[in-house]
Amino acid sequence: MSKNATLSASMLFLVRVEDGKTQILLQKRAGNIWATGWWDSAASGHVDAGESLTAAMQREAKEEIAIEFSREDIEFIHIQDSAQSGVPGTKMHYYNSYFFVNKWAGEPKICECEKCSHLEWFNIDDLPKQLIPNRRCAIDCYLKKIAYNEFGWG
């Protein structure tokens with residue numbers, strides 16, 4: 001985490017409709033980082049000091065999966081008060097904001113091979129078992145039309 005980063009993060013799920021089913025793009029985490037082998041949002045990252053949530057989302061999407069989109073194409077879906085986010089057992093307190101984007105420029109591709117091994121589309125009602133728990137919680141809340149939740153790692 002850079003010294004300018006806040007304890008707020010933006011998470012992006014690209015969304016498309018394929019054969020009448022809503023699908024979201026997930027990345028599989030790789031390398032020597034937290035949650036290696038687990039599925040994550042398509043792009044995510046810390047919000048820098050002085051940066052808006054949407055600007056952070058646009059920056060992270062460009063850096064991680066080489067796509068661009070306008071602020072008008074960002075749909076807020078959920079905010080999560082995550083009492084012990086990051087590595088379970090740490091004393092960090094995050095505010096995670098989740099967004100959908102269904103219109104973008106560029107073809108999603110892996111730009112940070114040291115952090116991501118795969119990109120894959122999943123039906124929103126058939127997500128992989130190894131989806132990071134707070135990401136799954138945010139999607140479940142979205143489907144139930146719950147805009148805010150408090151997530152604890154236990």
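User: Is W121 buried, partly exposed or exposed, and at what relative accessibility?
Analyst: This is a predicted model, in which local features need pLDDT of at least 70 and side-chain atom pairs count only at pLDDT 80 or more, while totals for chains, interfaces and linings use all residues. Residues are numbered from 1 along each chain as its sequence is written, and side-chain values use heavy atoms, with hydrogens and water left out. Buried means under 20% relative accessible area, exposed over 50%, and partly exposed in between (1.4 Å probe, protein chains only). W121 is therefore partly exposed, at 22%.

User: How many aromatic pairs are there, and how is the pair F13 and Y98 arranged?
Analyst: Rings of Phe, Tyr and Trp (its six-membered ring) pair if their centres lie within 6.5 Å; planes under 30 degrees apart count as stacked, over 60 as edge-to-face and the rest as tilted. The count under this rule is six aromatic pairs. For F13 and Y98, the centres are 6.2 Å apart and the planes 10 degrees apart, an arrangement classed as stacked.

User: Which strands hold F13 and Y98, and how many residues apart are they?
Analyst: Helices (H or I, at least four residues) and strands (E, at least two) are DSSP runs, numbered from the N terminus. F13 belongs to β1 (residues 5-18) and Y98 to β6 (residues 94-101), so the pair links distant parts of the chain. Both residues are buried. The separation is 85 residues.

User: Why is the pair W104 and W121 classed as stacked?
Analyst: The ring centres lie 6.2 Å apart. The planes meet at 20 degrees, so the pair is stacked.

User: How far is the sulfur of C116 from the closest cysteine sulfur, and how many disulfides does the structure hold?
Analyst: A disulfide is a pair of cysteine sulfur atoms within 2.5 Å. C116 is buried, with a relative accessible area of 8%, and its closest cysteine sulfur, in C113, is too far for a bond at 7.9 Å. C141 is likewise in no disulfide, with the sulfur of C137 4.2 Å away. The number of disulfides is zero.

User: In what sense do β2 and β7 pair, and which residue in β7 stands opposite R29?
Analyst: Two strands pair if DSSP finds at least two bridges between them. β2 (residues 21-29) and β7 pair in the antiparallel sense over seven bridges. The residue of β7 opposite R29 is C116.
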